[in-house]
Amino acid sequence: MNSKRRALLGAAICMSLGSSAMSLSAFAADKPLTMGFSQVGAESEWRTANTVSIKEAAKQAGVNLKFADAQQKQENQVKAIRSFIAQKVDVIAFSPVVESGWETVLREAKAAKIPVILTDRAVNVSDKSLYVTFIGSDFVEEGRRAGRWLLDKAKSMPAGDINIVELQGTVGSAPAIDRKAGFEEIIKSEPRLKIIRSQTGDFTRAKGKEVMEAFLKAEGKKINVLYAHNDDMAIGAIQAIEEAGLKPGKDITIISIDGVKGAFEAMMAGKLNVTVECSPLLGPQLMQIAKDIKAGKEVPKRITTEEGIFPAEVAAKEFPNRKY
């Protein structure tokens, strides 16, 4: 083969290889991002709306979503995360049931070079590099907002002690720990405000009703205020208060957190006094952050969602705007 033919053949091979490489890189660029997502469960209206937001946003963003429902059990979430690692997903996102006990499985994800995003709830780990970012609400601030509203309300309440019963969220979960801490931080400035009973209602309507029944049996008409860590527990408690022959929202002032449609309906019916917003619509933000991480972009370690507070007086006006 003369040198001219050899040069032509070499050029043809290079062109062929070049086009193959280009088609491979085009394929890689078109390949959808695969996300493994482990959800807490379906314990409330809020959580259901959160799940819908994530699934719809994944569809719209062209993200291949592998979704696992933990049914409020940490061991189910750990299994799901290990399954995602085995499946070599591009990104793992999860909303942790509780704060502690994640070090081992998150180290496994890091060893597999799979970035982790926390949504809605934080984790307590010694090495913060085990996750890339946390998207969600400031639960301490939500507790503070509830406390500030009550401080203001206390000014128009009769003289003497104001007895509060508290329905806490799931034991060991970030929102339960933080919403309690934020609330207590604010109310300690007013000695009249006293928490006389505090127990978990596990963020569910049924448990909220059951625990409120126990509070009413133990304390009866001594209860002036109910502080519930979420709307679903408050709605369950409202039922218990009515069954005890008392008027929720009047005989007992009720404060809750989330801002779901059910809370607005209760406020419009005069049975709930205020709800502090905690938005579950994190889906679009989560998909964008996942794509940014995959593209190698820097993302903030903490991304806080913007939220408000809604007293009963604005419920009717705001209700048509609620998406969850």
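In strand β8, Val225 and Tyr227 point one way and Leu226 and Ala228 the other, and all are buried, where buried denotes under 20% relative accessible area, exposed over 50% and partly exposed in between, for a 1.4 Å probe and protein chains only. The description concerns a predicted model, in which local features need pLDDT of at least 70 and side-chain atom pairs count only at pLDDT 80 or more, while totals for chains, interfaces and linings use all residues. Residues are numbered from 1 along each chain as its sequence is written, and side-chain values use heavy atoms, with hydrogens and water left out. Helices (H or I, at least four residues) and strands (E, at least two) are DSSP runs, numbered from the N terminus.

Strand β8 belongs to an open sheet of 6 strands in the order β7-β6-β8-β9-β10-β12, with mixed pairing; two strands are taken to pair if DSSP finds at least two bridges between them. At the edges stand β7 (193-200) and β12 (309-311), each of which pairs on one side only. From one strand to the next the twist averages 15 degrees, with axes being lines fitted to C-alpha atoms, for helices over the stretch in contact, and angles running from 0 to 180 degrees between N-to-C directions.

Within this sheet, β6 and β8 run parallel and are joined by 4 bridges, and Ile164 is found opposite Val225 of β8. The pairing of β8 with β9 is likewise in the parallel sense, over 3 bridges, and here Val225 faces Thr253 in β9. Between β8 and β9 the chain passes through helix α8 (residues 231-243), and this β-α-β crossover is right-handed; the term applies if, with the strands pointing away from the viewer, the path from the first strand over the helix to the second runs clockwise. Strand β10 (residues 274-277) and β12, by contrast, run antiparallel and are joined by 3 bridges. Val274 is placed opposite Pro311 in β12. Helix α5 (residues 139-154) packs on the sheet, touching β6 (162-168), β7, β8 (225-228), β9 (253-258), β10 and β12, and its direction makes about 160 degrees with that of β9. Contact here means heavy atoms within 4.5 Å.

When residues up to four places away in sequence are not counted, Ile255 touches Ala146, Trp149, Leu150, Val225, Leu226, Tyr227, Ala228 and Val274. The C-alpha atoms of Ile255 and Pro311 are separated by 9.1 Å, although these residues are 56 residues apart along the chain.

Aromatic rings were also examined. A pair of such rings is described by the distance of the centres and the angle of the planes. Rings of Phe, Tyr and Trp (its six-membered ring) pair if their centres lie within 6.5 Å, and planes under 30 degrees apart count as stacked, over 60 as edge-to-face and the rest as tilted. The count by this rule is 4 aromatic pairs. One of them, Phe183 with Tyr227, is stacked, at 3.9 Å centre to centre and 20 degrees between the planes. Because Phe183 lies in helix α6 (residues 174-187) and Tyr227 in strand β8, the pair ties together parts that are 44 residues apart in sequence. Phe183 counts as buried, at 0% relative accessibility, and Tyr227 counts as buried at 0% too.

A further open sheet of 6 strands has the order β2-β1-β3-β4-β5-β11, and its pairing is parallel. Its edge strands are β2 and β11 (302-304), each pairing on one side only. The twist of this sheet averages 20 degrees from one strand to the next. Helix α3 (residues 74-86) packs on the sheet and touches β1, β2 and β3 (91-94), its direction making about 175 degrees with that of β1. Strands β1 (residues 34-39) and β2 (residues 64-69) run parallel, joined by 6 bridges. Gln39 is set opposite Asp69 in β2. The chain crosses from β1 through helix α2 (residues 45-61) to β2 in a right-handed β-α-β crossover. Strands β4 (residues 116-119) and β5 (residues 133-136) also run parallel, over 3 bridges, with Leu118 opposite Phe134 in β5.
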